[in-house]
Amino acid sequence: MALPTHIRQAPTPQELEYITGEIIVAIEPLFRMEKVRLVSGVYGPFRPPIKTRVPLWLAQSLKLKRKCRIVPPDWFTVDFLTIRLQQETSQVELSKMPFRYAEISKVLLDVAPDDIMDPDKIRILLKDIREARQAKCRSLLLGLDGSYLPTTNLCSMEISEIRLFFSKAMGIIEKLTLEAPQEDEAMSDS
C-alpha cells in the first residue's frame, strides 16, 4: 500500500522482509566448515551435501556468494500452492498459509530461483493467491462493525496492509456509535 510516510503506521514490505531474515531455513552448503557462533545462535557444521539449518539472512548471504543451495520450504511447491489457490477461490474464508509466506517467497524467488523447481509457475501461483486473498480482505473490511472483525488466517503482509485503514475505521465507528445514542436522547427530549 503506497502511503505517504507521515501517515504510515505499519511496517513497510521491506521492513517485513528484514524481520523475516530471522526465520530458520535449510541449506545444502557447498563448503566445509565447523560450527560458527553468531549473535543469533550457533549454526553448522557445514559439510556438503548434508543439510543444515540457518537463518534466512545467512542463507541469502551464502547463496549470493555461491556457497550454498537453499532448500525451499515444504509449502513452496506447485502442488501445494495450486491447492491453496483452489481453496482461496472456492471458499469464503482465508486458507491457512505460513504467516510470512509473502516475504519468504520474495526472498527465495529473488535470490535462489535456480534452487526452486518451476519458479515461474510458483511466481504466478503466488500472485494469484495474493490477489484472491486481497479481494477477501477487502470484503472483510466491508463487513466491519464497531466490535468485531474476523481475521483468521491473515498473514503478516496482509495485516500490515490493512492495519492503518482498520484502526482509523474502528476509531470513526466508535465515534459514530457514541454520538448516535446522544442524538437519540436529544430527539426524545424534544
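In this predicted model, Arg 66 is exposed, with a relative accessible area of 74%. The residue lies in the loop that runs between helix H2 (56-64) and strand S5 (68-71). Its backbone also deserves attention: Arg 66 is not a glycine, yet it has a positive phi of about 60 degrees. As a general rule, most residues other than glycine have a negative phi.

Although it is not a glycine, Asp 118 has a positive phi of about 60 degrees. Its place is in the loop between helix H4 (101-111) and helix H5 (119-142). Asp 118 is partly exposed, because its relative accessible area of 44% falls between the 20% limit for buried residues and the 50% limit for exposed ones.

The peptide bonds hold further points of interest. In general, most peptide bonds are trans. The bond from Gly 44 to Pro 45, however, is cis, with omega near 0 degrees. Pro 45 belongs to the loop between strand S3 (41-43) and strand S4 (52-55). Pro 48 and Pro 49 are likewise joined by a cis peptide bond, for which omega is about -5 degrees, and Pro 49 is found in the loop between S3 and S4.

Strand S4 itself contains another proline, Pro 55. With a relative accessible area of 0%, Pro 55 is buried. Leaving out residues up to four places away in sequence, Pro 55 touches Gly 21, Glu 22, Ile 23, Ile 24, Val 25, Ser 40 and Tyr 43. One of these pairings can be stated by distance: Pro 55 and Ile 23 are 32 residues apart in sequence, but their C-alpha atoms are 5.3 Å apart in space.

Apart from neighbours within four places in sequence, Phe 76 is in contact with Ser 105, Leu 108, Leu 109, Ile 116, Ile 122 and Leu 126.

Notes
Residues are numbered from 1 along each chain as its sequence is written. This is a predicted model: local features need pLDDT of at least 70, side-chain atom pairs count only at pLDDT 80 or more; totals for chains, interfaces and linings use all residues. Side-chain values use heavy atoms; hydrogens and water are left out. Helices (H or I, at least four residues) and strands (E, at least two) are DSSP runs, numbered from the N terminus. Buried means under 20% relative accessible area, exposed over 50%, partly exposed in between (1.4 Å probe, protein chains only). Contact means heavy atoms within 4.5 Å.
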